[in-house]
Amino acid sequence: MSATASTRQLKFVQALNEALDLCMTKDPRVFIIGLGAPDPAAIFASTKGLVEKYGPTRVLDMPVAENAITGVALGAALRGMRPVMTHIRLEFAMLTIDQIVNQAAKWHYMFGGQASVPLVIRMVVGRGWGQGAQHSQSLQSWFAHVPGLKVVMPATPHDAKGLLISAIEDNNPVVFIEHRWLYGIHGPVPEGVYRVPLGQPNVLRQGRHVTVVATSYMTLEAVRAADELAQEGIELEIVDVRTLNPFDETLVLESVRKTGKLIVADTGWRSVGFAAEVVARVTERCFGDLKAPPVRLTLPDVPTPTTRALSNYYYPLVHDITAAARRLAGRPAKPAPEIKPEAFLDVPDPSFTGPF
Amino acid sequence: MKNRQTPPDVARRMLHGIMRVRLIEERIRKLYAEQEMRCPTHFSIGQEAVAVGVCAHLKREELITSAHRSHAHYLAKGGDLKGMLAELYGKATGCAAGKGGSMHLIDRSVGFLGAVPIVGSTIPIGVGAALSSVLQGNPLLTVIFFGDAATEAGVFHESLNIAALHKLPVVMVCENNLYSVLSPLSVRKPEDREIVQLAQGHGVFNGQADGNDADAVYALAGEAIERARAGQGPAFLEFKTYRWYEHCGPLEDQHLGYRPPGELEAWKARDPLKLYAGRLRQHGIVSDADIAVMEKTIDAEIDEAVAFAKASPFPTRDQLATHLYAP
């Protein structure tokens, strides 16, 4: 593709911002509501410039009343508006589970198709700099468990923009989960409106030896692992899930039929989580193609500790992916890097300084 | 409160409305025993005057939301009776295609946005409907019906604050029937604080009236609705009333012993239907013959709707997974 060379590079957060801007320009029904959405910090700059451009009736701040505001957004959506609600941390959406799970997810079905809820709920997952137990949870598996919700986790700037536009144009409630550590990554982002369809995973990298199915930030870690392993002649095939509900496993099955080896790397917890769902679908559908037991790389089933002396051992690292892949590929293990408790693994790159 | 007389034509319409809800629900009570309406059903009998007195003001396009005890609101707003009965029977012709039942009535064609049984949940949804109308530059009144218990939920306070903040065209109507399931107000709020005082704290227009007196409901609702339509902001109204039958289901529940002795009888003596029929007769607004005609007409309407509902088909198996996502 000759266009690739000239494609702009944008940060993930700029891609989100551009998607919001474009949707607000082309559709007057789109409005943003969220605590701090129009403030100078602008949700880590994801809503930057929008209140200046569209005014305070389209970029609304709100009382700290997340549950009611979610209902308000739902009520507005019922009447044809397209609200985009924003939570600066996913945990604040926990106050709104009634409106998301009992209401938004159900209104279309339980009213026999007479009501639809075009509502996007953005949730930012925090990590590092001591985010601790209540600023770091990655609860996509919960939301993906609920019929009627769509659950999206972009991993690249390209997909952040294309998926957010699709989510805003979708006539259903969409939980749009953004990992804070992706905000600063760069990637090619085309100009103008384009869409990445909801419900379609993407083969981010082709490879013959081991399939890695990854969500959100773990996709980026998988790419890093693939780069490292390529030097050893091990090819990873990376399937970026992108949409967890509805989850189309076709590409995953095709890949496992080719490689016979499966690693699932998810940003959430292990038990009853999305990684388990992927493993279940693969074992149900192509058990005979598997040449080794599938591997889940997830968070251990404990809350997020604040001190880096513990969180350094909490998040799966690139090394965990490479080690699992070597084992599955029948290659000798390499010694695990020593991780010191005081190491600064709590930032995605040195440009991050706290608090964030 | 201004002295507002109910115009005679409205009074006749309200009497018909109260009687219609009563006769429909009495019919549902009888039919429920056949065990063919297999959904939790919360009867409005005893509380009809609130729904009818408020909705008497509303234009077809104006919106309402409701909660678990929604039949009276649905009917008073003009919701389709056939669709409601078919819904209770779980039929494909039901207002929610059989997927909702009594607790999930909807009729968008008359502004009935929806009803759900999670207490308080439709309050912000109604506020959001009103907010959308303001954002669209075409303010539209939304009336939100709920019971006394909803005022104990955080979402009620959050929603009232939001409605007040944005001066939305919202009228919240609290039907205080003294009980949440079997739990009396005495275990749910301090004795010396009236529910309406909560709204005073939020600084919105508020009022309290006898929910069994259709004229009193009509008068107070009228004032609140005019203010809201005129852009003067939201209102909260508390109407004291009483549910005659069990929390959920068609039967009496005196044997449970949660109502103090004589309480039900005292409220039945102030039956909103008898009270209003008597008053209109006394003022010569209706005659006994008029009332007989009303009853006959309503009964015929119910006969037809019940026949329609019973004859309607169930949804076919292929409908299980339809309506999961909107296209």
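Biologist: Is A:E221 buried or exposed?
Modeller: This is a predicted model, and in it A:E221 counts as buried, because its relative accessibility is 5% and the cut-off for buried is under 20%.
Biologist: And which residue forms a salt bridge with A:E221?
Modeller: That is A:R224, and the closest N and O atoms of the two are 2.8 Å apart. A:R224 itself counts as partly exposed, at 35% relative accessibility.
Biologist: How are A:R224 and A:E221 placed in helix α10 of chain A?
Modeller: They are three residues apart in that helix, so about one helical turn separates them. In general, side chains of opposite charge can pair when their charged atoms come close.
Biologist: How many residues of α10(A) are buried?
Modeller: The helix is mostly covered, with 11 of its 15 residues buried; among them are A:Y217, A:M218, A:L220 and A:L229.
Biologist: What covers them?
Modeller: The cover over the buried residues of α10(A) includes several strands of chain A, among them β7 (174–179), β9 (202–205) and β11 (236–240), and it also includes the helix α14 (318–328).
Biologist: What should the span of α10(A) be, and how far apart are its ends?
Modeller: Helix α10 of chain A covers residues 216–230, and at 1.5 Å a residue it should span 21 Å, which agrees with the 22 Å between its end C-alpha atoms.
Biologist: Now the strands: in what order do the five strands of the open sheet in chain A come?
Modeller: The order is β9-β11-β10-β13-β14, and the pairing is mixed. At the edges stand β9 and β14 (295–299), each with a single partner strand, so one side of each is left without a neighbour in the sheet. From one strand to the next, the twist averages 25°.
Biologist: How many bridges join β9(A) to β11(A), and do they run parallel or antiparallel?
Modeller: Three bridges join these two strands, and they run antiparallel. If you want a pair to look for, A:V203 has A:V239 in β11(A) as its bridge partner.
Biologist: Which strands does helix α12 of chain A lie across?
Modeller: Helix α12, residues 274–286, lies across β10, β13 and β14 of chain A, and it runs at about 155° to β13(A).
Biologist: Back to charges, then: how many salt bridges are there over all chains?
Modeller: The count comes to 41. One of chain A's salt bridges is between the side chains of A:R208 and A:E235, at 3.0 Å from N to O. This pair links distant parts of the chain, 27 residues apart, with A:R208 in the loop between β9 and β10 and A:E235 in the loop between α10 and β11. A:R208 is exposed, with a relative accessible area of 53%, whereas A:E235 counts as partly exposed at 29%.
Biologist: Which residues are linked in a network of salt bridges?
Modeller: A:R8, A:E18, A:K161 and A:E191 are linked in such a network.
Biologist: Switching to chain B, what does B:D288 meet in a salt bridge?
Modeller: Its side chain meets that of B:R281, at 3.2 Å from N to O. B:D288 is exposed, with a relative accessible area of 51%, while B:R281 is partly exposed at 38%.
Biologist: And how far does helix α11 of chain B reach?
Modeller: Helix α11, residues 288–311, reaches 35 Å from its first C-alpha to its last, close to the 34 Å expected for its 24 residues. Its buried residues include B:I291, B:M294 and B:I298, and what covers the buried residues of α11(B) includes α1 (8–32), α4 (81–88) and α10 (272–282) of chain B.

Conventions
Residues numbered from 1 in each chain as written. Chains lettered and ligands numbered in written order. Predicted model: local features only at pLDDT ≥ 70, side-chain atom pairs only at ≥ 80, totals over all residues. Heavy atoms only, no water. Helix = DSSP H or I, 4+ residues; strand = E, 2+ residues; numbered from the N terminus. Expected span 1.5 Å × (residues − 1). Buried < 20%, exposed > 50% of the residue type's maximum accessible area, 1.4 Å probe, protein only. Contact = heavy atoms within 4.5 Å. Salt bridge = Lys/Arg side-chain N within 4 Å of Asp/Glu carboxyl O. Pairing = 2+ DSSP bridges. Axes fitted to C-alpha atoms, helices over the stretch in contact; angles between N-to-C directions.
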